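Here is a short walk through one protein model. Keep the sequence and the 3D view open as you read.

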Amino acid sequence: MILPINASDVKKYLPECCEQVAYKTDTAHALTLSPQQTGFGTRYFLVCPVCGRRFQRLYLCGHRLLCRTCGNVHLYRGIQNSTKGGYTEIQYRMKRFATKHGIAFNYPFDYMNFLLDERICRQGFRDKLRILQALENMRFQCIMFRSRYDTRTIRNVLAGRHPLLLNEYITLKDLRDSLYTW
């Protein structure tokens, strides 16, 4: 796990005149804050001890606080090297959506696995399952028919604003068993 240290969080605990701080984990780290005058006041940056550049965040890599470049930190690795609107992007967004809402599942997603879940009686939970089942429908079409979806369509489905999701006559079973033109 990579622990980020924010400049704004560090500055809260320092007196006005201080620009050096010791950060304690299992070992002490010396951080240097670099001020910059802006139109609304002063903004503070953390200085990377390796390259000397200023950043809003440094990351605890091993036993050192480093910037993303020096620490070889890849925060967005989960969605790299995928086709826009393809099944890997939809799969990535499904996992993020499910994690955000506390839903654990395996692929392929099937709402039937949640019929015994005590949350199923809540409309909000059923709406989340509906969104995940719609994304699974899209993912299946990407795999089988090499379909691609634009970002706007995926975002509308994730937000529950897509016209097919707003149609009250399309049930979870329909989303699982039928193919739709998204």
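A salt bridge here is a side-chain nitrogen of Lys or Arg within 4 Å of a carboxyl oxygen of Asp or Glu. The model is predicted: local features need pLDDT of at least 70, side-chain atom pairs count only at pLDDT 80 or more, and totals for chains, interfaces and linings use all residues. Residues are numbered from 1 along each chain as its sequence is written, and side-chain values use heavy atoms, with hydrogens and water left out.

Start with the overall layout. The protein chain has six helices and seven strands. Helices (H or I, at least four residues) and strands (E, at least two) are DSSP runs, numbered from the N terminus. From the N terminus on, the order is β-α-β-β-β-β-β-β-α-α-α-α-α. Of the 182 residues, 36% count as buried. Buried means under 20% relative accessible area, exposed means over 50%, and partly exposed lies in between (1.4 Å probe, protein chains only).

Now the charges. Side chains of opposite charge can pair when their charged atoms come close. The structure holds six salt bridges. One joins Arg119 to Asp117, with the closest N and O atoms 2.8 Å apart. Both Arg119 and Asp117 are buried. Another links Glu89 and Arg93, at 3.1 Å between the closest N and O atoms. These two are also buried. Glu89 and Arg93 are four residues apart in helix H2, so about one helical turn separates them.

Asp177 and Arg176 also meet in a salt bridge (2.9 Å, N to O). Salt bridges that share partners join Asp110, Lys173, Arg176 and Asp177 into one network. Asp177 is partly exposed, at 43% relative accessible area. Arg176 is partly exposed too, at 31%.

How do H2 and H4 pack? Helix H2 (residues 87–100) and helix H4 (residues 151–159) have axes that come within 12 Å and cross at roughly 25 degrees. H2 is therefore roughly parallel to H4, a term for angles under 35 degrees. Axes are lines fitted to C-alpha atoms, over the stretch in contact for helices, and angles run from 0 to 180 degrees between N-to-C directions.

Tyr87, Phe140, Ile143, Met144, Phe145 and Leu179 make a nonpolar patch of about 600 Å². Patch residues have over 30% relative accessible area and no salt bridge; nonpolar side chains (Val, Leu, Ile, Met, Phe, Trp, Tyr) are joined within 5 Å, like charges within 9 Å. Areas come from the Shrake-Rupley method with a 1.4 Å probe; for residues, only the protein chains shown count as cover. Helix H3 (residues 123–145) gives the largest share, four residues. Ile143 lies in H3 and is partly exposed, at 41%.

Terms used. Parallel < 35°, antiparallel > 145°, perpendicular 65-115°, else oblique.
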